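Colleague: I would like to learn how to read a model feature by feature, taking the general idea before the particular case. Could you take me through this one?

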There are 2 protein chains.
Amino acid sequence: MTAEKDVRRALRATTNASRLVEICRRAVLRHGGDPATADSLAASAVYAERNGKPNQGITHLFDYLDALRDGRIKGRPRPSITRPSPVTFVADGDGGVPHIAFDLAVDQLAAAVRNFGVAVFSQKNAYFCGALGYFVERMASHGLIALATANSSALMSAGGSASAVLGTNPMAFAAPVAERSPLVIDQASSQTAFMNVRESARLGRSIPPGWALDHEGAPTTDAEAALDGVLLPFGGYKGSNIALMIEILSAMSGGNWSLDASPFDSGDSGPSVGMFLVCLDPNLFDANFSTRLSLHLDRLRDDFDVRLPGGGRTSRPFPATCDLPVQVFERLWARAG
Amino acid sequence: MTAEKDVRRALRATTNASRLVEICRRAVLRHGGDPATADSLAASAVYAERNGKPNQGITHLFDYLDALRDGRIKGRPRPSITRPSPVTFVADGDGGVPHIAFDLAVDQLAAAVRNFGVAVFSQKNAYFCGALGYFVERMASHGLIALATANSSALMSAGGSASAVLGTNPMAFAAPVAERSPLVIDQASSQTAFMNVRESARLGRSIPPGWALDHEGAPTTDAEAALDGVLLPFGGYKGSNIALMIEILSAMSGGNWSLDASPFDSGDSGPSVGMFLVCLDPNLFDANFSTRLSLHLDRLRDDFDVRLPGGGRTSRPFPATCDLPVQVFERLWARAG
């Protein structure tokens, strides 16, 4: 890498978040996405940037733009939603991004949760979710608890397999905290995100032990070898079990198993995977819940030095601006035309 | 340890499972439990033994017997259940074992899940759950998917704390598999169960790195030092996040936080912790679910050498007999009088 490239990588561009959303929208529209797809992808990518997860943000948006261009995401899907009971929402994403059907259902979903205390949203035949925390945080901002899971194409070992059998299958959880931002957990089932291995390979860097196996199933610290091999689940067999649970919940209504899902970054067919979200109204169980949780999180942090998930954002508002590497910003600008 | 003790430890007593249930029931009744408590504890302990989890089985029953004798479990509780909506069951365990309120609700709970696709059972003010898989497997045996969580008194670090802030907070998950036993996951949030550290200390053995910190917050392999210190979560910060999620769900309706719960093995007051169970009818989402899952699990095991959770019991029926160390059997017999 030249010194000039190093300098350019270190340069940052600061953008107002709503302006960044607008540029992302333009990029999605220009790659064949309809307005609903543009709204969904822009909101989700900027959410991840503001939330301090750049790997799920603008950099990841380029994967979505490529997938739109190549037909792995249907840009003008017609998702449908059925409601077999007042508290179950079953969506067919019609090959588009999963956010669209979620957006169509979300108001009725929240109302069902308030009326009944619990409701479930299950989707099949959709593209990958991107930042899964986006979905649960939206529910939590309405005072609700949410747990979401999603599956994706096979990239990860499970149960000691030498080859990839599950996606990096994330789960996300959010709970409302009185007078503060919600508590949000959003994590892959793999020890690390695929993006991190891809980025290490791009930079010619090695990866830590425990992240991956090579194509023969042997542990490796070579990022290139890891790209030819498989990611490892976090936390040994217990993390592997959680990845399997996520797989089952996510594909419950008929989403493809990870093994049957097309890759996210090549080919012309969509992965048709699934997502699952269960949402609770804590007020039906204890009217004092969010205050109790607030006091408890304060105690954990202040009296016991617990680092809370989300980097302590529970006591910090979302930033109004996004701070991106200039290279990423210029690349986005070019894609937005 | 003497050679004689070694020999006695190696001797096994084989008992018919239903006979073992009867001996456990007698022991519970003799320690002040009412018939409902006796039924619950006996069924749960023998379930764990048959399921190949002896640490949650008869050995753990002795903890319950001690707790009944000392008043940490109320032997004749009057649990109550409210139903704020058709799909939410909120139980107050009245200081007894949590199984009793669950047993009172389970038929209506299963009916609600069948009618509505999803229902939630939340309990506060109860003793620890013991084998949590017991609860979800009962739901799965009716063709339902279940996810359960429970909290317990603080024994474990979380978020990098030097002291104990969470229980070993287990989660359990079960899904129905066509023509086979359900798939069951049942695991603590700690790297290892407290029982394993206690047993290592009793035998004068060291423990593996990663299980625990000493009382100063330093990593230790000394089992005695670990008993004075804290257990570690499995899987680093991701496992720690899951333990926190479990804590929040379990205490949702007003169960004590782990920090406020009395120890399970000393004192005369109950922990008054909580449990949470959400249950789904997969048929409302996809009528073909359990067949799809069956084929998928076969493929994972046969084509990809995946070790499935539950030690492959999905293809093996529950044993009709339990095989216990003679010492444990004799100790149970003595407690049963």
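Colleague: Which residues line the largest cavity?

Modeller: A lining is read chain by chain, and this is a predicted model. From chain A the largest cavity is lined by Leu300(A), Val306(A), Arg307(A), Leu308(A) and Pro309(A), while chain B supplies Ala158(B), Gly159(B), Val165(B), Leu166(B), Ser240(B), Asn241(B) and Leu244(B). Helix H9 of chain B, residues 236–250, gives the most to this lining, with 3 residues. By class, the lining has 8 nonpolar, 3 polar and 1 charged residues.

Colleague: What is the volume of the largest cavity, and how many cavities of 30 Å³ or more does the structure hold?

Modeller: The largest cavity has a volume of about 60 Å³, and the structure holds 8 cavities of 30 Å³ or more.

Colleague: How are the two copies of the chain related?

Modeller: In general, two copies of a chain are related by a rotation about an axis together with a shift along it. Here chain A is superposed on chain B by a rotation of 180 degrees, with 0.0 Å of shift along the axis and an RMSD of 0.0 Å. The two copies are therefore related as by a two-fold rotation axis. Among the residues of chain A, Gly235(A) comes closest to that axis, its C-alpha lying at 1.8 Å.

Colleague: How should I read an aromatic pair, for example that of Phe329(B) and Trp333(B)?

Modeller: One looks at the distance between ring centres and at the angle between ring planes, where planes under 30 degrees apart count as stacked. The ring centres of Phe329(B) and Trp333(B) are 6.3 Å apart and the planes stand at 20 degrees, so this pair is stacked. Both residues lie in helix H11 of chain B (residues 326–336), 4 residues apart, which is about one turn of the helix. Phe329(B) counts as buried because its relative accessibility is 17%, whereas Trp333(B), at 38%, counts as partly exposed. Over all chains the count comes to 20 aromatic pairs, and in chain A one aromatic cluster is formed by Tyr47(A), Phe102(A), Phe121(A), Tyr134(A) and Phe135(A).

Colleague: Where are Ser272(A) and Asp305(B) found, and what is the phi of each?

Modeller: Here one reads the backbone angle together with the place in the chain. Ser272(A) has a positive phi of about 50 degrees although it is not a glycine, and it is found in the loop between helix H9 (236–250) and strand E11 (273–280) of chain A. Asp305(B), also a residue other than glycine, has a positive phi near 55 degrees, and its place is in the loop between helix H10 (289–304) and strand E12 (321–325) of chain B. Ser272(A) is partly exposed, with a relative accessible area of 23%, whereas Asp305(B) is exposed, with 60%.

Colleague: Is Thr168(A) buried or exposed, and which residues does Thr168(A) touch?

Modeller: Thr168(A), in the loop between strand E5 (145–150) and strand E6 (171–175) of chain A, counts as buried at 14% relative accessibility. Not counting residues up to four places away in sequence, Thr168(A) touches Ser152(A), Leu155(A), Met156(A), Ala188(A), Ser189(A), Ser190(A) and Leu231(A). Thr168(A) and Ile246(A) are 78 residues apart in sequence, with a C-alpha to C-alpha distance of 9.8 Å in space.

Notes: Residues numbered from 1 in each chain as written. Chains lettered and ligands numbered in written order. Predicted model: local features only at pLDDT ≥ 70, side-chain atom pairs only at ≥ 80, totals over all residues. Heavy atoms only, no water. 1 Å grid on protein atoms, 1.4 Å probe; cavity = no way out; pocket = protein on both sides within 12 Å on 5 of 7 lines; lining within 4 Å. Points joined across faces, edges and corners; volume = space filled by probe spheres on them. Helix = DSSP H or I, 4+ residues; strand = E, 2+ residues; numbered from the N terminus. Nonpolar A, V, L, I, M, F, W, Y, C, P; charged D, E, K, R; others polar. Least-squares fit on C-alpha atoms with pLDDT ≥ 70 in both. Phe/Tyr/Trp six-rings, centres within 6.5 Å; stacked < 30°, edge-to-face > 60°. Buried < 20%, exposed > 50% of the residue type's maximum accessible area, 1.4 Å probe, protein only. Contact = heavy atoms within 4.5 Å.
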